[in-house]
Structure formats: structure tokens, C-alpha cells
Amino acid sequence: MSVSNLDVAAQSDATEHAIHLLARENKILELIARGAALEKVLTQIAYAAESYCDADVRCSILLLDESGTRLLHGAAPSLPKQYNDTIHGTEIGAMVGSCGTAAFSKKPVMVPDIDAEPAWEKLKQFALPLGLRGAWSTPIFSSQSEVLGTLGIYFTEPGTPSDRARQVIDLLARTASIAIERHRSESLRIRYQKQIEKLNDTGILLAAERDLQKIVQAATDTAREFSGAAFGAFFHNVVDDHG
């Protein structure tokens, strides 16, 4: 069976596409390995998504906050700042656009036509004037299968993504997961380091100080900082002249 020139050209195009994508993926992984700022890494991921989706799209990467209830801006270099500010802090839910729904359901959400989608009823007034007609969001999962955020794709024409675009987004979502987990681990390491330094400083103070009030205040301040409390109080018994 002979292979047509059209088939050969298609295979060649697919191979070239894969080579370019992997090369860009490697550069992003290098940024992560060098400890580049999270926003810089996510911005490069967003640009890669826009370049290899076979359509005119805009990418937005949102991060789930510590409470696990709201999505925060991560990177969206091709979307207006006003739009990014508007959706920053959006509470996730079963009918909250594409990204809010994807984070809540922990499943990809595809919306061919934003204007006709009930889940976009409260948000489409912000998207449609920008020419955003379709939307597709994929949850970003951690290595422990927890939702870290979403990778959203906006289409300038109603429609659904191609198979090749889905493969690209799956790959980039995994890359985003690596970047986010690396950032969280580093932030946690720095926090622990500061806590250890604070404990050492407090220990030195307690060992050298003779003023009871200063000792109690230092212990209270350290406990408050470690617990994340807004206020702290230290109550203790004292022996007066009458015992």
C-alpha cells in the first residue's frame, strides 16, 4: 500500500511539532530546576500552550488558595490585566465558569460556546467583550492527586480543542504541577528555616535574660508566630510576699 504525499506531509508536520514542543518543554524544566520565580515559569507555560494549540487561543493559569476554595491569578500574559483582576479570587463551584467548575469537579471542563453555557452566566459579561467565545479548563494535579490549580484555554471562536491540543495541554499541565509543587516545597523550606532561626534566637534570649516580663513576652511572641494566631497571651502563677 502506497503512502500519499499528503500522509507523509502530515506525519512530518506532527514530528516537527513534537520536536519543537519537547524543546520548549525542556527549557521550561530548566527554569524550574534553576529556581526561577513561579510566575515566570507559568508565563512560559502559558505561551507554550498558546503556540501549540492549533487555534487562536489565550491561556490562563490559576492557583488554588490554601483554603482550597478560591482560584488566584498565576499567569495569563495574553489576557488584559482587568480581566485577570476580575477573576482573581473566584470561588470554585459546580457552576462557576470553566476553571471554577474544573477545580471543583476535579475534571476537565469544555465549553464550546460561553454565551450559551449556564455555568458562565455570571462571568460571561467579562469574557465576551474580549472576544473570548469558547473555554476549556484542565485541573492541575499534585503528585498526591490534589488539585493545585487550573490551566484554562480561551478560544476566540466557539469550538472544541483538537486531539493534538489536548495532548499539549495534558503535558503542560503536568509541567505546571512540577513548578507549583517545587515552589510550595521551597516556600515551606524557607518558612521552616525562619522558624528554626526564631527558635534559636528565642532560646538564646531565654538563657541570657533575667527579666521575667521579657522572657514571657518572647515566649508568647514566638508561639503566636508559629501558630499563625493574630494574638497571644501568657498566663502564669507568681508568689507574692504573702505566699
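This is a predicted model: local features need pLDDT of at least 70, side-chain atom pairs count only at pLDDT 80 or more; totals for chains, interfaces and linings use all residues.

Colleague: Which strands pair with β5, and over how many bridges?

Modeller: Strand β4, residues 109-111, runs antiparallel to β5 and is joined to it by three bridges. Within that pairing, Met-110 has Trp-136 of β5 as its bridge partner. Strand β6, residues 147-155, is likewise antiparallel to β5, with eight bridges between them.

Colleague: How is a contact between aromatic rings to be described?

Modeller: One gives the distance of the ring centres and the angle of the planes. In this model the count comes to two aromatic pairs. One of them joins Tyr-83 and Tyr-154, with 5.8 Å centre to centre and 85° between the planes, an edge-to-face arrangement. Tyr-83 belongs to helix α3 (residues 81-87) and Tyr-154 to strand β6, so that the pair links distant parts of the chain, 71 residues apart. Both Tyr-83 and Tyr-154 are buried.

Colleague: Why is the pair of Trp-120 and Tyr-154 classed as edge-to-face?

Modeller: Planes over 60 degrees apart count as edge-to-face. The planes of Trp-120 and Tyr-154 stand at 75°, with the ring centres 6.2 Å apart, and the pair is therefore edge-to-face. Because Trp-120 lies in the loop between β4 and α5 (124-127) while Tyr-154 lies in strand β6, this pair ties together parts that are 34 residues apart in sequence. Trp-120 is buried, as is Tyr-154.

Colleague: How does one find where empty space is left?

Modeller: A probe the size of a water molecule is rolled over the atoms, and this shows where empty space is left. The structure holds one cavity of 30 Å³ or more. The largest cavity contains about 90 Å³ of space.

Colleague: Which residues line the largest cavity, and of what class are they?

Modeller: The lining has 13 residues, and those nearest the centre are Leu-62, Ile-87, Cys-99, Gly-100 and Leu-123. Helices α3 and α4 (99-105) each supply at least two lining residues. By class, the lining comprises nine nonpolar, four polar and no charged residues.

Note on methods
Residues are numbered from 1 along each chain as its sequence is written. Side-chain values use heavy atoms; hydrogens and water are left out. Two strands pair if DSSP finds at least two bridges between them. Helices (H or I, at least four residues) and strands (E, at least two) are DSSP runs, numbered from the N terminus. Rings of Phe, Tyr and Trp (its six-membered ring) pair if their centres lie within 6.5 Å; planes under 30 degrees apart count as stacked, over 60 as edge-to-face and the rest as tilted. Buried means under 20% relative accessible area, exposed over 50%, partly exposed in between (1.4 Å probe, protein chains only). On a 1 Å grid over the protein atoms alone, a cavity is a set of points where a 1.4 Å probe fits but cannot get out, and a pocket is an open set with protein on both sides within 12 Å along at least five of seven lines; lining residues have an atom within 4 Å of a point. Grid points are joined across faces, edges and corners, and a volume is the space filled by probe spheres set on the points. Ala, Val, Leu, Ile, Met, Phe, Trp, Tyr, Cys and Pro count as nonpolar, Asp, Glu, Lys and Arg as charged, and the others, Gly among them, as polar.
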